[in-house]
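Visitor: I'd like to learn how to read some features of a model. Could you walk me through them one at a time?
Guide: Gladly; let's look together.

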Amino acid sequence: MKVLVTAKRVIDPYVKVRVKSDGTGVETANIKMTINPFCEIAVEQAVRMKEAGIVTEIVVVSIGTIQCQETIRTAMAMGADRGILVEMAEEAQPLAVAKLLKAIIDKEQPRLVIMGKQAIDDDSNQCGQMVAALLGWPQATHISNVTINGDSAEITREIDGGLEKLTVNLPAVVTADLRLNEPRYVTLPNIMKAKKKPLENIKPDALGVDVKPRLKTLKVEEPAKRSSGVKVADVKELVNKLKTEARVL
Amino acid sequence: MAVLVIAEHDGKQLKPGTTNTITAASKLGGDVTVLVVGHQCAEAGAAAAKVAGVAKVLVTDAPQYEGALAENVTAQVLSIAKNYSHIVAPATGMGKNFMPRVAAMLDVQQISDISSVVSADTFVRPTYAGNVMATVQSSDAIKVITVRATAFDPAAETGSAAVEALAAVPAAGLSKFNGQELTKSARPELTAARIIVSGGRGMGSAENFKILEPLADKLGAAVGASRAAVDSGFVPNDYQVGQTGKIVAPELYVAVGISGAIQHLAGMKDSKVIVAINKDAEAPIFSIASYWIVDDLFKVVPELVTELG
């Protein structure tokens with residue numbers, strides 16, 4: 001079975017993000033970039049399924065600037081077989097990303113698409129669901145377990161009150177939550193091997209997709225700062241402050 | 001303009017978040033219709049009719065809506081979507097699951113997790129774990145929006161809207177709901193609690209995590225956790241507060257043994273009062289705390305229980 005996974009290049013989640021002084025976006029110059037953590041979990045899942053003999057080929061797709069090739073190479077070093085970069089200078093919004101992925105999926109015909117549940121930069125949590133909708137496929141979001149069972153997949157997903165069990169027909173789109181697995185560290189020999197794996201570079205035009213943004217960002221700003229707090233010496237002082245100053249008890 | 005809100009409910013009651021979403025919807029201008037989709041959900045429909053600002057409630061009651069499968073809920077919403085200028089749902093597990101599907105089928109770019117309504121087409125939404133607030137304007141004919149419930153007050157229960165039945169559309173037949181394993185607790189739900197006591201990696205073990213229970217009992221609080229505590233197996237996943245877990249904003253948030261990773265702060269930094277207990281004097285959580293104690297939590301927590309009487 002062929003699997004398609006996606007990998008978004010994002011600002012490293014441990015980096016403090018700064019808003020540009022003109023309010024048009026965030027600083028990205030000389031900032032450490034990485035594979036979106038949820039995409040990394042998606043790639044890891046595909047690789048584990050290949051190691052278990054369920055998956056025969058893993059195709060990894062990234063969408064963005066030429067630097068996204070690095071993100072694809074990371075996924076290949078983890079074990080993906082082949083990469084596709086849809087190269088575009090401007091950031092594609094989730095609907096455009098979903099349309100580009102649909103065009104690639106129509107051509108590649110995977111049985112399963114594994115994506116991260118959300119990108120930790122714009123926090124939209126939309127792409128997987130949108131891809132599934134455009135393909136007319138079932139979806140399982142926020143999954144913590146997937147087992148392939150012939151023409152369907154048994155799913156455990158994380159929901160607000162606990163866990164949910166689903167069966168989805170294949171082909172399907174699933175999106176990875178934190179507890180699906182713990183991604184491996186890439187090793188140097190595998191990084192070297194990844195450099196020799198095939199990586200195709202295509203443009204949105206070649207896929208016949210309109211990527212024009214539908215949302216216009218008018219401005220970005222930092223959230224209002226909290227007023228600074230105080231250190232208290234002991235529990236007595238704390239309870240006193242909560243009762244008389246904060247009045248929450 | 002006409003606004004459609006899709007309610008999240010358990011069949012009998014609206015889930016926390018839905019009434020806040022109705023408040024957000026009321027700011028868009030135009031009549032607000034609430035759609036209650038479910039199986040045996042007439043009571044939830046009646047509850048929605050009592051919410052202030054609601055003009056009409058549509059109830060679709062059919063067996064295929066048990067479990068609110070995204071494919072089936074989407075089909076139901078699409079059957080009436082064209083009648084509305086705005087389609088709105090809470091950015092909860094359910095809303096996050098089906099709404100992008102609705103948006104894609106309408107060829108609309110969804111606006112996720114809005115924290116403010118600027119005008120009928122312009123909204124503020126948090127990005128980068130709440131560290132960057134973006135003001136965005138939509139050019140789509142229909143606006144598909146999910147709402148960050150903590151950013152809006154819940155609507156009052158002073159309404160009396162008409163309730164109408166809406167015919168179910170055929171099930172998509174793409175997936176099957178096999179049940180839920182819900183964490184049973186007598187405590188308030190995290191997203192609705194007035195007070196939350198949360199534990200982090202500093203709790204050390206699942207056994208130690210239990211020392212928070214007497215404190216939560218004293219305060220009538222919900223119990224939450226950081227991702228580190230969930231990943232370490234101290235508590236189940238539904239305890240997680242953070243960027244990709246639950247977003248909470250209680251009156252009082254007590255962070256115990258939580259260092260304050262960016263993604264945790266993203267889920268709780270809008271709490272009114274934040275108390276942090278940590279033995280590390282440099283813990284980042286102190287930067288957003290209203291009050292903090294630098295000391296061993298295993299000493300402080302029992303003392304706090306005693307002090308509260």
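Visitor: How many salt bridges does the rule find across the interface of chain B and chain A?
Guide: Side chains of opposite charge can pair when their charged atoms come close. The rule asks for a side-chain nitrogen of Lys or Arg within 4 Å of a carboxyl oxygen of Asp or Glu. Across the interface of chain B and chain A it finds six salt bridges. One salt bridge joins the side chains of A:Lys236 and B:Glu307, at 3.5 Å from N to O. Before going on, note that this is a predicted model, where local features need pLDDT of at least 70, side-chain atom pairs count only at pLDDT 80 or more, and totals for chains, interfaces and linings use all residues. Residues are numbered from 1 along each chain as its sequence is written, chains are lettered from A and ligands numbered from 1 in the order in which they are written, and side-chain values use heavy atoms, with hydrogens and water left out.

Visitor: How many salt bridges does a search of the whole structure find?
Guide: Over all chains, the search finds 33 salt bridges. Among them is the pair A:Arg179 and A:Glu158, whose side chains meet at 3.1 Å, N to O. A:Arg179 is in the loop between β10 (172-176) and α5 of chain A, while A:Glu158 is in strand β8 (residues 152-159) of chain A, so the pair ties together parts that are 21 residues apart in sequence. Helices (H or I, at least four residues) and strands (E, at least two) are DSSP runs, numbered from the N terminus.

Visitor: How many residues of chain B are in contact with chain A, and what area do the two chains bury?
Guide: Contact means heavy atoms within 4.5 Å, and 82 residues of chain B are in contact with 74 residues of chain A. Buried area is the accessible area (1.4 Å probe) that two parts lose on being put together, summed over both. Here it is about 6,600 Å², with 53% of it on carbon and sulfur atoms. B:Gln109, B:Tyr128 and B:Tyr291 supply 12% of the area that chain B buries against chain A, more than any other three residues.

Visitor: At what angle do the axes of α6(A) and α9(B) cross?
Guide: Axes are lines fitted to C-alpha atoms, for helices over the stretch in contact, and angles run from 0 to 180 degrees between N-to-C directions. Helix α6 (residues 235-244) of chain A and helix α9 (residues 297-307) of chain B cross at roughly 50°, and their axes come within 9 Å. Angles under 35 degrees count as roughly parallel, over 145 as roughly antiparallel, 65 to 115 as roughly perpendicular and the rest as oblique. α6(A) and α9(B) are therefore oblique to each other. On the α6(A) side the contact includes A:Lys236 and A:Leu238, and on the α9(B) side B:Leu304 and B:Glu307.

Visitor: Which residues of α2(A) meet α5(A)?
Guide: Helix α2 (residues 68-78) and helix α5 (residues 188-195), both of chain A, pack at about 120° with axes 8 Å apart. α2(A) and α5(A) are therefore oblique to each other. From α2(A), A:Arg73, A:Met76 and A:Ala77 meet A:Asn190, A:Ile191, A:Ala194 and A:Lys195 of α5(A).

Visitor: Which peptide bond is cis?
Guide: The bond from A:Leu170 to A:Pro171 is cis, with omega near 0°. A:Pro171 is in the loop between β9 (162-169) and β10 of chain A.
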